[in-house]
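Welcome! Take a look at it below, and then we will walk through a few spots together.

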Amino acid sequence: MKVAVARPGKGLELVTNEASKRKTPTVVAFTLDGERLFGDPALAYAPKAPTRAVLAPLGYLGNASAKAELPAGTTPSAPALSLTGVDLVAMILSLARQHAAAALGAPESTVRDTVVTVPAWYSAPHRAALADAASVAGLNVLALVNSNAAAALKYALDNKATVSPTALPSADASPSPSTGAAKDGAVKDAHFALFVDVGAGSTVATVVQIDNKKSGRFATKVPSSVTVLSHA
């Protein structure tokens, strides 16, 4: 996972974890002594006690009967565990919350609102389970956004979709049937982009249209809306 914070005037800023990395493995492990590990430490511990580590917590989401069964450890403080996807993902989101709070230099309790990106194929049960996990982690989900749509928003916020301002069609200017341009030659500003996410098990492509803010008869260079036109 990657975590970003949003602040006025600064857009989205990716933050680093305790190992100064921007990417954190979504792994949870429970040592034989009862200690709970997340991210890189959990991934490093997994070979030592594979039955006490969960390498893919997200795979348990969306199926209420799916549980990760972990045997007891070597001490009374490391009991056998039966964890649902909501339990596991809540732990991961709690870690994300800690990273955000550390980057902001603020108490963890002040980090409340969040937007979570999800794969396009996530079903309603997947999304509901993820929202439940966020609630368990003390987070208020403002939206669940498809990952490619989120990438398009970041693209627009970084001003990579700017185009030169041009005069917009006047009220009485009818478009040409062949070109779509108004009689006076003015056209509406829009930027089209294709985002392709090539993953280990699937490829997702998204076409978006980014429009620029209007000011009178002219369009500025400031993106004002992102519209997903096609998704496959």
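This is a predicted model: local features need pLDDT of at least 70, side-chain atom pairs count only at pLDDT 80 or more; totals for chains, interfaces and linings use all residues.

**Salt bridges**
- The structure has three salt bridges.
- In the Lys21 and Asp40 pair, Lys21 is partly exposed at 42% relative accessible area, and Asp40 is partly exposed too, at 24%.
- Glu13 and Arg7 form another side-chain salt bridge, at 2.9 Å from N to O; Glu13 is partly exposed at 26%, and Arg7 is partly exposed at 30%.
- Asp158 and Lys154 also meet through their side chains, at 2.6 Å from N to O; Asp158 is partly exposed at 35%, as is Lys154 at 27%.

**Around helix α4**
- Helix α4 covers residues 147-157, and its buried residues are Asn148, Ala149, Ala150, Ala152 and Ala156.
- Just after α4 you will find Asn159, which has a positive phi of about 60°.

- Ala66 sits in the loop between β5 (53-54) and β6 (67-70).
- Ala66 counts as buried because its relative accessible area is 18%, and buried means under 20%.
- Leaving aside residues up to four places away in sequence, Ala66 touches Tyr60, Leu83, Thr84 and Gly85.
- Ala66 and Gly85 are 19 residues apart in sequence, and their C-alpha atoms are 7.3 Å apart in space.

Terms used: Residues are numbered from 1 along each chain as its sequence is written. Side-chain values use heavy atoms; hydrogens and water are left out. Buried means under 20% relative accessible area, exposed over 50%, partly exposed in between (1.4 Å probe, protein chains only). Helices (H or I, at least four residues) and strands (E, at least two) are DSSP runs, numbered from the N terminus. Contact means heavy atoms within 4.5 Å. A salt bridge is a side-chain nitrogen of Lys or Arg within 4 Å of a carboxyl oxygen of Asp or Glu.
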